[in-house]
Structure formats: structure tokens, C-alpha cells
Amino acid sequence: MLPPFLSPVALYERHLRRCLRRSGLTQRTVAVDGDTTLQFWGPSPGPDPAAARKPALVFLHGFGPKAIWQWRRQAQHFAAAFDVYVPDLVFFGGSATRSAERSETFQAAAVGKLLEKAGVERYAVVGTSYGGFVAYHMARMWPERVERAVIASSGINRRRSDGEAMAKRAGAGAASGGGGPADVMLPETAASMRRLLGMAVSRRVSIMVPDFVLNDVIHRLYSENRKEKIELLTGLTTEKDDTPQVSALQQVLLITCKIIIIIYDVIIMLNGISVFK
């Protein structure tokens with residue numbers, strides 16, 4: 001294990017934190033109920049929480065590193081015009097719970113309680129991958145609060161067979177002796193990290209990264225709360241059977257499969273234009 005002063009991951013995370021602080025965001029931890037605590041980046045609290053409120057915009061991260069690694073550029077871009085909230089979902093970063101609940105609807109309820117605690121009554125929500133599941137359920141559960149939603153790169157209509165097929169393509173399926181989607185999404189070795197990178201980015205990039213960097217990424221970004229994160233994967237309501245359970249939403253909704261264009265997509269969404277890709 002690399003010491004912090006030599007760790008590429010630790011050094012880059014310091015940079016990410018400095019970027020968010022320069023954008024006027026601070027990191028806080030809030031007990032949303034008796035069991036659950038969420039850590040998040042949000043507007044710096046002032047003497048009057050209701051004074052000069054801007055429209056609220058919530059970013060929900062995917063099933064990987066904590067939120068700061070996925071939303072730094074978007075948070076910086078929108079912080080001048082919006083009250084930006086970037087929470088770590090339960091069992092990511094500094095967020096945790098004593099509850100036995102593990103579904104994405106539980107995550108949605110926790111984020112909803114967090115925003116209530118922050119005095120945010122209405123907001124737009126942007127979720128990618130696993131965060132897209134959470135964003136969908138927030139919009140479904142609270143149409144009076146969620147004004148608009150962006151769901152990016154998220155299989156909200158996934159079936160059980162889809163998860164099994166993904167694991168099989170990655171060589172982690174039951175037939176190849178693997179443990180299924182958890183083996184793909186929660187790498188434990190440099191080889192399994194390369195497999196994930198090969199699926200998400202490109203095999204060429206994964207080959208170029210040395211083992212010591214991949215092991216540093218695994219140790220600092222994927223090792224924490226591994227057991228609980230596996231439970232989150234098995235607790236997904238979207239993969240209980242092969243019948244998608246998706247209902248229509250009332251809000252202006254944008255669905256995109258390209259995270260690289262999400263800033264443009266969010267600008268469109270916040271201007272009230274409904275686009276489907």
C-alpha cells in the first residue's frame with residue numbers, strides 16, 4: 001500500500017476537494033434519521049439558510065468511487081447558478097446506516113430526507129448508473145419535489161438476465177467460476193480492475209496502467225464497505241426477475257447513455273426542454 005504522499009489517488013482527491021471548496025461548496029455530515037448518516041458537498045451554510053436561495057441541483061453518483069470522483073466538473077460548472085448538492089450514497093464515502101435496508105428506494109428515501117434537513121423543498125436531480133436508479137425513484141416517489149430529472153447511463157429497466165449477461169461478458173459469470181456482477185463492479189485485484197476498465201473505457205487504456213496504480217485505486221476507492229456494497233447489488237429491485245418494473249414519470253425527463261455530454265444535457269434539461277436519446 002502506497003503512503004498518502006506517494007498515492008496518486010490520495011493526491012488527486014486533495015485536488016478534487018480544493019476544486020469544490022473554491023466553488024463555494026463545503027463537506028458536511030448529517031444524520032437523516034436515527035439509523036442513517038449521509039455525507040455530502042453542498043452550499044456553505046450562512047446565518048440565514050433561506051436567504052438568497054438559488055435553484056437546487058442534486059448529483060447522484062454511480063456504483064464506483066464516492067461522489068467527489070464523478071461530479072467535480074459538473075459541480076464546479078453549476079455552482080455559480082445553482083445550490084449544488086453532491087451526496088455520497090449509503091456505504092460510499094462517509095455515508096452509512098444501521099438499517100438492514102439495501103434497495104435503491106432506500107437510498108432515494110435517504111437523499112430525500114437529507115434535502116428536507118437542508119430545507120430544500122424543490123430540486124432537479126441528475127443520476128448516473130446506480131445513481132440513475134436512485135434519481136428515478138426520487139422522481140417517482142416525490143413528483144411534487146423533483147421538478148426535473150436526468151438519468152444517464154442507467155439501466156432502470158434492467159432485468160436479472162442483463163446482470164448475468166454482463167458478468168458473463170466480463171468472465172465473471174457463474175459458468176466461469178466467478179461471483180457475478182459483484183466481481184465486476186467491486187474489483188479486488190489489478191487483473192479484475194483491468195477487466196472493469198476494459199469494459200468501461202478500453203482494453204488499451206487498462207493495459208497501459210501499471211499494477212501499483214490499479215492496486216492503489218482498489219485500496220482507496222473500492223475496498224471500503226465491500227460486504228455492504230455487495231448487499232446493495234443483490235438488493236437492487238431492478239434485477240429481481242426478468243420483467244422490467246418501470247412506470248412513467250410526471251416530470252420533464254432526459255435519458256442519455258453518454259456521460260461525456262451530460263453538462264450539455266443538463267443545461268437543456270434545466271431550460272425545460274424534454275429530450276430523449
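Leucine 2 lies in the segment that precedes helix α1. Helices here are DSSP runs of H or I with at least four residues, numbered from the N terminus. The model is predicted: local features need pLDDT of at least 70, side-chain atom pairs count only at pLDDT 80 or more, and totals for chains, interfaces and linings use all residues. Residues are numbered from 1 along each chain as its sequence is written, and side-chain values use heavy atoms, without hydrogens and water.

Leucine 2 has 23% relative accessibility and so counts as partly exposed (buried is under 20% relative accessible area and exposed over 50%, with a 1.4 Å probe and protein chains only). Beyond four places in sequence, leucine 2 touches Ser7, Pro8, Phe212, Asp216 and Arg220; contact means heavy atoms within 4.5 Å. Its C-alpha atom is 9.1 Å from that of asparagine 215, 213 residues away along the chain.

Helix α1 (residues 8-22) packs with helix α2 (residues 68-78). Their axes, lines fitted to C-alpha atoms over the stretch in contact, are 10 Å apart at an angle of about 30°. The two helices are therefore roughly parallel, a term for angles under 35 degrees between N-to-C directions, on a scale from 0 to 180 degrees. From α1, the contact includes Val9, Tyr12 and Leu16; from α2, it includes Ile68, Trp69 and Arg72. The contact residues divide into eight nonpolar, two polar and three charged.

Mean pLDDT, the predictor's confidence per residue from 0 to 100, is 82 for the protein. A value of 70 or more is reached by 74% of residues. Over residues 259-277, pLDDT stays under 50.

Methods
Angles under 35 degrees count as roughly parallel, over 145 as roughly antiparallel, 65 to 115 as roughly perpendicular and the rest as oblique. Ala, Val, Leu, Ile, Met, Phe, Trp, Tyr, Cys and Pro count as nonpolar, Asp, Glu, Lys and Arg as charged, and the others, Gly among them, as polar.
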